[in-house]
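Subject: Structure handover

Hello,

Here is the structure for you to look over. My notes follow below it.

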Amino acid sequence: MPLGSFTESFGAAVSCLSTSHLTDEVIRRSKRMILDTLGVGLLGTSTPVFNTVLQCSQQALENSKVWGRPGLSLPPQYAAFVNGVAVHSMDFDDTWHPATHPSGAVLPAVLALAETLPVKPSGLELLLAFSVGIEVQGRLLRFSKEAHNIPKRFHPPAVVGVMGSAAATAKLLGLPAAQSIAALAIACSSAGAPMANAATQTKPLHMGNAARGGLEATQLALLGLEGNAQILDLESGFGAFYPDYVPHPLAEVTPTSRYRWVLEDQNIAQKRFPAHLGMHWVADAAIEARAKFLDKCPNADLSQIKKITLRVPTSRYVDCPLPVSEHQARHSFQFNCCTALLDGEVTVESFSKSQMIRSALKEMLLKVQLENPQDNHSSFEKMYCEIAVETTQGEMFTARCNTFYGHWRKPLSHVDLVRKFRANASTVLSAEVVEGIIYTVDHLDTNQDCSMLWSYMHFNKHMMDRNERRSSALA
Amino acid sequence: INVCTQRSTRYVSAISAARGLHKSALDVAKRPAPEETVTSSFGRFIQSVQPRHLSPTVLQRSKRMVLDSIGVGLLGSTTDVFELALQHCQHMYAPDDVSFVYGRQGMKLSPTLAAFVNGVAAHSMDFDDTWHPATHPSGAVLPALLAISDMLHNNSKPSGLDFLTAFNVGIEIQGRLMRFSDEAHNIPKRFHPPSVVGTLGSAAACARLLSLDRSQCSNALAIAASLAGAPMANAATQSKPLHIGNASRLGLEAALLASRGLEASPLVLDAVPGVAGFSAFYEDYAPHPISSLEEDEHSFLIEMQDIAFKRFPAHLGMHWIADAAAVVHKTLVGLKGGSISPNLVQDILLRVPLSKYINRPFPETEHQARHSFQFNACTALLDGEVTVQSFQPEALLRPELHALLSRVRLEHPHDNPANFNIMYGEVEVTLVSGDVLRGRCDTFYGHWRNPLSQESLQKKFRSNAGAVLSNKRVERLIEAVEGLDHLDDCKPVLAQLQ
């Protein structure tokens, strides 16, 4: 059967089934099912768990700001959702080892929650909650060897991210240990999304849902909901997401002890352009090969390239010879290689429609061949990229990248990190606000009141505040 | 002292009061010290870590992360997907709430949250239907469909048949998906099936009711896959009902997102080596397409495989053992007359399938009790039946019940697999007098092989619905559902629930 046909057949069936297909027996049985379900549902409204979720669903008096949408607020878990989607929407957010995107699951939830608190947390308390959310993710990832490789089954942010969000929000609320456990347990029931949706438009929702799910879990725990208090110990608990699951307890924390954070031992990678982390090795190698080529032949025409060989690790979901959507392009060794060869860099613009349909790019894509050497492991800690560019003149230019600039082994300088921030933020915010955020974050640990942070995020230089808009329309 | 400790102490002291003798059992009943588990170490860490524990390196690195994250977030707010998600949320969580909530006359919530809470209600007592392969199909689908129906304009409510079609699409998809895996045929160990297939079932049903085109329907399934999957460990806890609530809600969300144009993997149900889609939830996965409706006759799975309705609110496996124990109860009453005294009983042997999460010698909460062979067997031995009331706090604490519980042993015969189509329950009670009484149940009343009569089903409904609705509404609901396929629109059903 051709690939895609099972899924298609389901889509077709769901769409085409009509009343004419219902038989008497089916009707009879389904009416029985409906009746029974209504009855048990009505009875169930007298239970404590029902009352808890009802309370949780009704509260929405406090709202949290949506980034980049002046005047628009949503209940905190939904603000966390959309803002989380924003963070991962272009695959531009940070990456860690073992592999996940830790910050996007935690920060939107923490900020959304902080905004609703009657007494706002200090900057240091915010940082603490954030760090707890990161730490929990790092610890959980170390419970499985499989987690050390580029994922194949579940998308890590959906697995550990929701747990991190639960931990961070529980910390921000100062929940006692038992309730923090409940938050983790409840969050676990929202964990897990399959890899197949990576490289699609749905992938960013994994991050949004992680942020939202963790926050909701904490809210439910606060209302008294409980889950399995041994959720991290059990194979049938968090272990369900890994074939090899070996949990370890966290070290005791006393007021005077020193705590060893995972983040201290293992730094983070921050991306220079919005694409899957693996693309960064490819881009750096290609840029170097291009430089060598142009060095030798200063006025060379890149169409003189006959063949391009990329030696990369095996990873199905980033092997995309001819990407059609921007999401696919961000997950394509071939696309990022050719863009880097053509332009000498990969940028935000590289994934725009106009850049993607360039004929020079399309022609070059046809010349790329992938090889998966045995020693090139599918792990962000170990992988490399080797490129060999062969020209029509018979010349060969090779380059290799072991550690791209921005990787945790070679972190972005502070200047370059801030430059990235300015470039991103100024698409939406005025220079003044951009500098305000830079300043506030830089002084986060010494600032007593950091509510400026979410206020700044609420601006948009292209939009009028919708509340202002309304009143000016009325005037 | 937090609430959790207080509650478990209360149960433990009640147990120790009832049974001075069996100390080892009492030790088992006591919760192991929280410090011993990995989970508790996490809870402790989260609660006890302080700002002063943040080292300069950690501070520096985390500020870099915060800055970068905010920047990419701001940039990301210019993307299509962000705009889509935002519109979805604004629409779904608008201040004008439209969908009814079970048992709360006049109260409304947004459609997805209504689906959520009503789904939780449906599974809150483990009283909802069960199918083979194992899942609870209706609770994941019905709340979402009802919520949508409330959402639709008064003039465009679905007809009864449209509603039934959508409902059956939701059930059918679940049945199909479960047949992709042999593992799915047994009592689950890893992921709770309603959270796996239920979410996609809800997405399919909603997509159908909303009349999405086929590509949107496929996308709805794929988006739902990213919202599926909850581990079994939360079964037998208070969180389990949320699995159904979330399945219903998230399936609805997936359909709504798909209707706005969100796309996901077109291969999500296919088996693609190296990239897991829906296969992520199973060890063995072999998908089959649904044949085209133009070419072949379509027969719904519900036709060849009926459903089980429960007679009392507990895990399905409890029904076999309760019926078997009821046989022994009847014999005992016949022998000794009057009520059963635990002093008569020396030993209770249960022959049941091997399944860790329903083997609970001394359940402490109602949720655990609903998932305990031992509890349900002893209750049926004492009372001749298990009912809704059997799980109330007073019933859980009965001394005579605990006396019996301490005399129970389990055996797991090889011919009794953890499979709802094959399993049986056997109770063997050895009396102090030396007599041995046996009871066996191969197919309990309510199982798909021995379905509840229409009278029994309606009796169950009256008892349940009557707990919150007036008799008039109860009777009207029975009538409306009975005539659902003839209704021009489903308002008569909705009206009784508002």
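Helices (H or I, at least four residues) and strands (E, at least two) are DSSP runs, numbered from the N terminus. On that basis chain B has 20 helices and 6 strands. Chain A has 19 helices and 6 strands.

Two conventions before the rest. This is a predicted model, where local features need pLDDT of at least 70, side-chain atom pairs count only at pLDDT 80 or more, and totals for chains, interfaces and linings use all residues. Residues are numbered from 1 along each chain as its sequence is written, chains are lettered from A and ligands numbered from 1 in the order in which they are written, and side-chain values use heavy atoms, with hydrogens and water left out.

**Chains and domains**

Buried means under 20% relative accessible area, exposed over 50%, and partly exposed in between (1.4 Å probe, protein chains only). Of the 475 residues in chain A, 64% are buried. In chain B, buried residues make up 64% of 498.

A contact means heavy atoms within 4.5 Å. Take the contacts between residues at least 6 apart in sequence. In chain A, 74% of these join residues at least 24 apart. In chain B, the figure is 73%.

Chain A is split into domain 1 (6–270) and domain 2 (277–401). The bounds come from an automatic or database domain assignment. The C-alpha centres of these two domains of chain A are 36 Å apart. Domain 1 of chain A gives 19 residues to the contact, and domain 2 of chain A gives 13.

**Cavities**

The search used a 1 Å grid over the protein atoms alone; a cavity is a set of points where a 1.4 Å probe fits but cannot get out, and lining residues have an atom within 4 Å of a point. Grid points are joined across faces, edges and corners, and a volume is the space filled by probe spheres set on the points.

How many cavities of 30 Å³ or more does the whole structure hold? The search finds 11. The largest cavity has a volume of about 280 Å³. It is lined by 25 residues, and the closest to its centre are A:Ser190, A:Ala191, A:Asn209, B:Leu227 and B:Leu250.

Which elements give two or more residues to that lining? From chain A they are α7 (156–172) and α9 (203–222); from chain B, α9 (193–209) and α11 (240–259). The largest share, 6 residues, is from α9(A).

The lining divides into 10 nonpolar, 12 polar and 3 charged residues. Here Ala, Val, Leu, Ile, Met, Phe, Trp, Tyr, Cys and Pro count as nonpolar, Asp, Glu, Lys and Arg as charged, and the others, Gly among them, as polar.

**Nonpolar cores**

A nonpolar core is a set of buried Ala, Val, Leu, Ile, Met, Phe, Trp, Tyr and Cys residues joined through side-chain atoms within 4.5 Å. The largest has 186 residues. Those with the most contacts inside it are A:Met163, A:Phe238, A:Phe241, A:Tyr242, A:Ile437, B:Leu200 and B:Phe278. Helix α6 (residues 123–141) of chain A supplies the largest share of this core, 10 residues. Another core, of 53 residues, lies apart from it; A:Met279, A:Ala329, A:Phe333 and A:Phe351 are among its members.

**Backbone points to check**

Most residues other than glycine have a negative phi, and most peptide bonds are trans. The following are the exceptions I noted.

- A:His97 and A:Pro98 are joined by a cis peptide bond, with omega about -5 degrees. A:Pro98 is in the loop between α4 (76–88) and α5 (103–116) of chain A.
- B:His132 and B:Pro133 are also joined by a cis peptide bond, with omega about -5 degrees. B:Pro133 is in the loop between α6 (111–123) and α7 (137–151) of chain B.
- A:Asp91 is not a glycine, yet has a positive phi of about 55 degrees. A:Asp91 is in the loop between α4 and α5 of chain A. A:Asp91 counts as buried because its relative accessibility is 3%.
- B:Ala236, a residue other than glycine, has a positive phi near 60 degrees. B:Ala236 is in the loop between α10 (214–225) and α11 of chain B. At 6% relative accessibility, B:Ala236 counts as buried.

**One residue in detail**

B:Ala324 lies in helix α13 (residues 317–336) of chain B. Is B:Ala324 buried or exposed? At 0% relative accessibility, B:Ala324 counts as buried. Leaving out residues up to four places away in sequence, B:Ala324 touches B:Gly425, B:Glu426, B:Val427, B:Gly439, B:Arg440 and B:Cys441. B:Ala324 and B:Arg351 are 27 residues apart in sequence and 10 Å apart in space, C-alpha to C-alpha.

Best regards

Terms used:
1 Å grid on protein atoms, 1.4 Å probe; cavity = no way out; pocket = protein on both sides within 12 Å on 5 of 7 lines; lining within 4 Å.
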